[in-house]
Amino acid sequence: MTIASFAAALVFVAVAMSAFMALATLVERRTGNSGWIDVVWTLGLGLTGVAGALLPFGAGPMPRRLVVAGLALAWALRLGLHIARRTAGITEDPRYAKLKRDWGNAAPQQLARLLQMQALVSIPLGLGIILAAHSPAPSLSWRDLAGVAVFAAGLAGGAIADGQLRAFARSGAGGVCDHGLWRWSRHPNYFFECLLWCSYPVIALATGYPWGWLALLAPACITLLLTRISGIPPLEEHMLAKHGAAYRAYQHRTSALIPLPPKGATS
């Protein structure tokens, strides 16, 4: 991958994600349900990754490009359909709803600005996919298989965590879900999402491919977003407001992200 082709890939991801988040803004205004924002973001990033993997941005052989495009598509469909199913049953995403309340009359403009910032910070994710797809090693190798294995573990773990939370909600038990993976982590779905994005640098870090190191920004970016900005902090605030002391107790005994035995657990 040359400097010119890297610059072209960078511009492609930036423009595509800006367009998708402009679409998310329109969808939110049309429906009044901010939950659709994350659906558009997920499907938009997935499609951007698929297109970037298949377009001739580098010297990656077509088998690798097809494999990486398949990973991006599988991620987008799994997560996008999960969020869409959840959004269809609610009127607002509580995180965005709080922001809109805080912004008052300026909410439409502030939300549009926030979503364009979200497009900006999504660039390392899209580039991570492209850099993996265009790793120049001439044929598929153990590194590609290792990347697929990491991706599969992240995808399966996220699906299991989401399924367990859905089953808990359907059970009508109420309270805080602390069963299955949720007994070991307060946000196991986020943990497996971070793990999944590690698959791209595993594929990209090939000998003689200096651009591959930039793929490390993809898992770093998603981990920062989920643990410090748009994931855990607002969700924890919402859960504390909703469940009070029960959620504080859950916080005390359960790891925030990495699955670990709960404090006080017996063998």
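A residue counts as partly exposed when its relative accessible area falls between the limits for buried, under 20%, and exposed, over 50%. The close-up views below are all taken from a predicted model.

View 1. Cys 198 takes part in none, since the nearest cysteine sulfur, which belongs to Cys 194, is 7.5 Å away. For Cys 221 the closest cysteine sulfur is also in Cys 194, and because the two sulfurs are 10 Å apart, they are too far from each other for a bond. Cys 221 has a relative accessibility of 12%, which means that this residue counts as buried.

**View 2. The crossing of helix 4 with helix 5.** Helix 4, made of residues 94-103, and helix 5, made of residues 107-121, have axes that come within 9 Å and cross at roughly 135°. The two helices are therefore described as oblique to each other, and the crossing in which helix 4 passes helix 5 is right-handed. On the side of helix 4, the contact is formed by Tyr 96, Leu 99, Lys 100 and Trp 103, which meet Ala 107, Gln 110, Leu 111, Leu 114, Leu 115 and Gln 118 of helix 5. Sorted by class, the residues of this contact are seven nonpolar, two polar and one charged.

**View 3. The packing of helix 3 with helix 7.** Helix 3 (residues 62-88) and helix 7 (residues 142-171) have axes 11 Å apart and pack at an angle of about 5°. Because angles under 35 degrees count as roughly parallel, helix 3 is roughly parallel to helix 7. Residues of helix 3 in this contact include Arg 64, Val 67, Leu 71 and Trp 75, while those of helix 7 include Asp 144, Val 148, Phe 151 and Leu 155. In total, the contact of helix 3 with helix 7 has eight nonpolar, two polar and six charged residues.

**View 4. Thr 254 and the residues that it touches.** Thr 254 is found in the segment that follows helix 12, a helix spanning residues 245-253. Its relative accessible area is 4%, so Thr 254 is buried. When residues up to four places away in sequence are not counted, Thr 254 touches Trp 182, Arg 183, Trp 184, Ser 185 and Arg 186.

Conventions:
Residues are numbered from 1 along each chain as its sequence is written. This is a predicted model: local features need pLDDT of at least 70, side-chain atom pairs count only at pLDDT 80 or more; totals for chains, interfaces and linings use all residues. Side-chain values use heavy atoms; hydrogens and water are left out. A disulfide is a pair of cysteine sulfur atoms within 2.5 Å. Buried means under 20% relative accessible area, exposed over 50%, partly exposed in between (1.4 Å probe, protein chains only). Axes are lines fitted to C-alpha atoms, for helices over the stretch in contact, and angles run from 0 to 180 degrees between N-to-C directions. Helices (H or I, at least four residues) and strands (E, at least two) are DSSP runs, numbered from the N terminus. Angles under 35 degrees count as roughly parallel, over 145 as roughly antiparallel, 65 to 115 as roughly perpendicular and the rest as oblique. A crossing is left-handed if the near helix is turned anticlockwise from the far one by less than a right angle, and right-handed if clockwise. Contact means heavy atoms within 4.5 Å. Ala, Val, Leu, Ile, Met, Phe, Trp, Tyr, Cys and Pro count as nonpolar, Asp, Glu, Lys and Arg as charged, and the others, Gly among them, as polar.
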